[in-house]
Amino acid sequence: MKYILLIGDGMADNPVPELEGKTPLQYVPLPHIDALATKGEVGNVKNCPDGLPPGSDTAILSIFGSNPNVCYTGRSPLEAAASGITLSPGDVSYRCNMVTLEDGKKPFEEKKILSHSGGSIEGDESMALVRDLFAEPSFAAAAAQAGMKVYPAPSFRHIAVQANADTKGISLIPPHDYLGEVIGPILPSGNDNAKALRHLMELSHGYLDAHPINVRRRAAGKLPANCVWFWAEGSAVALASFPEKYHKRGVVISAVPLCHGIARLSGLDVVEVEGATGELDTNYEGKVQAAVDALKAGYDFAAIHVEAPDECTHNGDLKGKLQAIAWLDSRVIAPLTEAMAGEDYRLLILSDHKTLTSTRGHDGEPVPFLLYDSRKDTGSGAQYDEEYGQRGRTLADGASTLMPLLFEE
């Protein structure tokens with residue numbers, strides 16, 4: 001028996017007026033997914049515990065069976081683990097996004113944030129910008145005074161680590177939740193360390209705004225990556241061993257450092273696929289092939305994570321979200337089920353959380369799941385969407401229920 005998990009990040013949503021009052025999952029034809037739904041079970045699951053931030057960090061921890069109420073210390077330590085960064089006692093890691101602030105002569109705190117990803121900046125440009133920033137003398141001096149180091153990554157997401165950091169009472173806001181809004185009310189606040197982080201962010205804008213890379217990006221009609229944004233603070237984290245807990249040898253396939261970090265901390269292997277970007281243009285077929293190859297090589301469990309629906313929603317790209325969901329059906333599920341024909345397998349499909357077209361931000365409400373078993377036909381006649389999810393059973397705590405459900409425990 002083989003077990004497969006497919007996470008369509010942020011594909012669940014609320015009804016969208018532009019889609020005739022339907023959700024994207026209801027609006028897009030999903031012939032291959034719905035063919036599984038008619039023979040499987042569709043229900044609802046809550047992955048983001050109340051009282052914690054609704055996002056992929058808490059949700060994917062839950063999906064893989066780790067209770068965020070017990071183990072969650074922040075998003076960035078999970079991503080740090082993906083890069084092999086070891087946090088010492090007293091260290092705090094942050095997500096260091098390259099973001100876009102509006103152009104113009106307004107004071108820093110009066111500017112609006114336009115993109116949480118520096119206009120989906122390419123990895124090589126992002127790494128060059130952050131390296132140049134931390135090498136610039138005035139910024140380097142301020143970073144050293146704050147005890148801050150940066151670990152560049154080939155995307156808009158970098159990891160910053162601060163020694164002996166005080167995060168008690170600090171408020172660091174996810175940039176993707178406030179796109180199009182003035183940054184003053186959402187800048188770091190709550191303690192003296194927040195003032196140091198805010199100072200570094202303002203200094204970064206002063207330097208990056210006129211950087212030659214951003215001059216070229218503007219000339220090419222792209223948004224500049226003209227500020228760094230610190231958030232998702234956390235200290236070192238330990239997760240329970242997935243193989244020991246579920247007695248399954250597994251592999252995770254994703255383009256997102258968060259998933260790689262959770263996998264490595266959980267004792268799961270990671271496969272990096274060439275051309276996997278975390279964007280709409282990701283290598284869907286390559287991810288499927290990697291999962292199939294792993295299962296044929298002796299792994300019991302393979303997880304495929306696709307980031308595109310979430311990123312498109314954050315970018316206000318409804319057309320892109322619809323396309324990403326359609327491609328999950330035609331370029332992931334269709335070849336996957338074809339490759340698994342003749343094999344006994346169970347397949348769990350779900351969104352980790354909702355990403356709302358109306359706000360371009362995350363929502364922690366329950367999301368629909370689809371469980372398919374190749375050996376059975378439930379005759380449910382269901383479809384995979386939010387409405388059918390609400391008709392089925394609701395799992396109130398994904399952390400304790402989803403993996404046992406998939407593994408028939």
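Visitor: Let's start with helix H12. Which strands does helix H12 lie across, and at about what angle does it run to S10?

Guide: Keep in mind that this is a predicted model. Helix H12 covers residues 284–296 and lies across S1, strand S8 (250–253), S9 and strand S10 (301–306). Its angle to S10 is about 170 degrees.

Visitor: What is the strand order of the open sheet, and which strands stand at its edges?

Guide: The open sheet has eight strands with mixed pairing, in the order S9-S8-S10-S1-S11-S14-S2-S15. Each edge strand has a single partner, so one side of it is left without a neighbour in the sheet. Those edge strands are S9 (269–271) and S15 (394–395).

Visitor: In which sense do S1 and S11 pair, and what is the bridge partner of Leu6?

Guide: Strand S1 spans residues 2–8 and strand S11 spans residues 345–350. Six bridges join them, in the parallel sense. For Leu6, the bridge partner in S11 is Ile349.

Visitor: And helix H16: which strands does it touch, and what angle does its direction make with that of S11?

Guide: Helix H16 (residues 398–406) packs on the sheet, where it touches S1, strand S2 (41–45), S10, S11, strand S14 (367–373) and S15. Its direction and that of S11 make an angle of about 150 degrees.

Visitor: On to Thr23. Is Thr23 buried or exposed, and which side chain does its own side chain make a polar contact with?

Guide: Thr23 sits in the loop between S1 and helix H1 (24–27). Its relative accessible area is 3%, and with the cut-off for buried at under 20%, Thr23 counts as buried. Beyond four places in sequence, Thr23 touches Asp13, Asn14, Pro15 and Glu386. The polar contact, at 2.6 Å, is with the side chain of Glu386.

Visitor: How many residues of S6 are buried, and which ones are on each side?

Guide: Strand S6 runs over residues 157–162, and six of its six residues are buried. In a regular strand, side chains alternate between the two faces of the sheet. Here both faces are covered: one side has Arg157, Ile159 and Val161, and the other has His158, Ala160 and Gln162.

Visitor: Which strands pair with S6, and what are the bridge partners of Arg95 and Met148?

Guide: Strand S3 (residues 92–101) pairs with S6 in the antiparallel sense over six bridges. Strand S5 (residues 148–151) also runs antiparallel to S6, joined by four bridges, and a hairpin of five residues connects S5 to S6. The partner in S6 is Ile159 for Arg95, and for Met148 it is Gln162.

Visitor: Last one: where does Phe156 lie, and which residues is Phe156 in contact with?

Guide: Phe156 lies in the loop between S5 and S6, and it is buried, with a relative accessible area of 3%. Leaving aside neighbours within four places in sequence, its contacts are Cys96, Asn97, Met98, His116, Ser117, Ile121, Ser126 and Glu311.

Methods
Residues are numbered from 1 along each chain as its sequence is written. This is a predicted model: local features need pLDDT of at least 70, side-chain atom pairs count only at pLDDT 80 or more; totals for chains, interfaces and linings use all residues. Side-chain values use heavy atoms; hydrogens and water are left out. Two strands pair if DSSP finds at least two bridges between them. Helices (H or I, at least four residues) and strands (E, at least two) are DSSP runs, numbered from the N terminus. Contact means heavy atoms within 4.5 Å. Axes are lines fitted to C-alpha atoms, for helices over the stretch in contact, and angles run from 0 to 180 degrees between N-to-C directions. Buried means under 20% relative accessible area, exposed over 50%, partly exposed in between (1.4 Å probe, protein chains only). A polar contact is a pair of N or O atoms within 3.5 Å; within protein, one must be able to donate a hydrogen and the other to accept it, and residues adjacent in sequence count only if both atoms are side-chain atoms.
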